[in-house]
4 protein chains.
Amino acid sequence: MDAPDGWSFEDGGKALTRSLKFKDFSEAFGFLTRVALHAERVDHHPEFTNVWNRVDVRLTSHDAGGVTDRDIKLAKAINSLLPG
Amino acid sequence: MDAPDGWSFEDGGKALTRSLKFKDFSEAFGFLTRVALHAERVDHHPEFTNVWNRVDVRLTSHDAGGVTDRDIKLAKAINSLLPG
Amino acid sequence: MDAPDGWSFEDGGKALTRSLKFKDFSEAFGFLTRVALHAERVDHHPEFTNVWNRVDVRLTSHDAGGVTDRDIKLAKAINSLLPG
Amino acid sequence: MDAPDGWSFEDGGKALTRSLKFKDFSEAFGFLTRVALHAERVDHHPEFTNVWNRVDVRLTSHDAGGVTDRDIKLAKAINSLLPG
């Protein structure tokens, strides 16, 4: 399993993470809102931390105890929501 | 007073309006969230209507009974929040 | 088909509508965000208009040309998202 | 300086933190959206982490290197946004 562009495996492969930096809080939170909409649609939710223009995302499948295909798909979907 | 790019005067100059079309609902609502954040910051709120990927925005200053400089500024700020 | 609590049929039964009033813009937009999350989850989207603390919602099934069971369900789900 | 209801001082008093649990992701993210709107209005932003129905909030004034009156006010405002 390869990590999608910009993502890294962490915790011995148990999670997929990416750190993002935006122009300001508004751009960061607009992005998070789109991630939230997607997460509800596919019923798979990321862990995220926000401080002003920074967003750290962490993906794992709690029921499987590690990274699954659902996380890989979610990581790719999140990439597609990044502003130009 | 000139209308900012993409905006038109309506109701005999009493309101400034713009119709926008996005890729899908997610892009439309991500944009609306950023408009909402801006509106709270400047304490001047637009009227908006959303149907899936379409957003219609209408700006007026209720206390002044028409378009004021605050609406012109808000229209320009909204333009700056449009995705790429 | 009965209209759920607070909703009315309009346009000769072609749409289901409800007008809502909140404490302020923040409460109105927090509600709209939850409606948006639900809409993406069930892939059925309302039309809504917001002016500060007011939200007007209109439901119809475009493909069916009128109100269907999906609109009734969406109306009930929206009711359940109203703040206490 | 007393910590507002539900908040604790951490890092030797350098930050104010609160852990919150909601009914589901939708209720958690609706709350976060309202926190975001407030943060833009007062131009003071929290650090927050979300995993499904859990939200951890951390407040500090980076320029002052610790908790200031702005954080106390923000903590109280966040309390007022909690769902009934």
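This is a predicted model: local features need pLDDT of at least 70, side-chain atom pairs count only at pLDDT 80 or more; totals for chains, interfaces and linings use all residues.
The cut-off for buried is under 20% relative accessible area. D:Phe22 is buried as well, with a relative accessible area of 7%.

The rings of D:Phe22 and D:Phe31 have centres 5.0 Å apart, and their planes meet at 35°. The pair is therefore classed as tilted, because only planes under 30 degrees apart count as stacked.

## Aromatic pairs and a cluster

Over all chains, the structure contains 12 aromatic pairs. One of them joins A:Phe25 and A:Phe29, with ring centres 5.8 Å apart and planes at 25°, so this pair is stacked. Both residues belong to helix α1 of chain A, which covers residues 25-42. They are four residues apart, about one turn of the helix.

A:Phe25 is buried, at a relative accessible area of 0%. A:Phe29 also counts as buried, with 0% relative accessibility. A single aromatic cluster is formed by A:Phe25, A:Phe29, A:Phe48, D:Phe25 and D:Phe29.

## A threonine in a strand

A:Thr17 lies in strand β2 of chain A, which spans residues 15-21. Its relative accessible area is 12%, so A:Thr17 is buried.

The side chain of A:Thr17 makes a polar contact with the side chain of A:Glu10, at 3.2 Å. With neighbours within four places in sequence left aside, the residues in contact with A:Thr17 are A:Gly6, A:Trp7, A:Ser8, A:Glu10, A:Val57 and A:Arg58.

Terms used
Residues are numbered from 1 along each chain as its sequence is written. Chains are lettered from A and ligands numbered from 1 in the order in which they are written. Side-chain values use heavy atoms; hydrogens and water are left out. Rings of Phe, Tyr and Trp (its six-membered ring) pair if their centres lie within 6.5 Å; planes under 30 degrees apart count as stacked, over 60 as edge-to-face and the rest as tilted. Helices (H or I, at least four residues) and strands (E, at least two) are DSSP runs, numbered from the N terminus. Buried means under 20% relative accessible area, exposed over 50%, partly exposed in between (1.4 Å probe, protein chains only). A polar contact is a pair of N or O atoms within 3.5 Å; within protein, one must be able to donate a hydrogen and the other to accept it, and residues adjacent in sequence count only if both atoms are side-chain atoms. Contact means heavy atoms within 4.5 Å.
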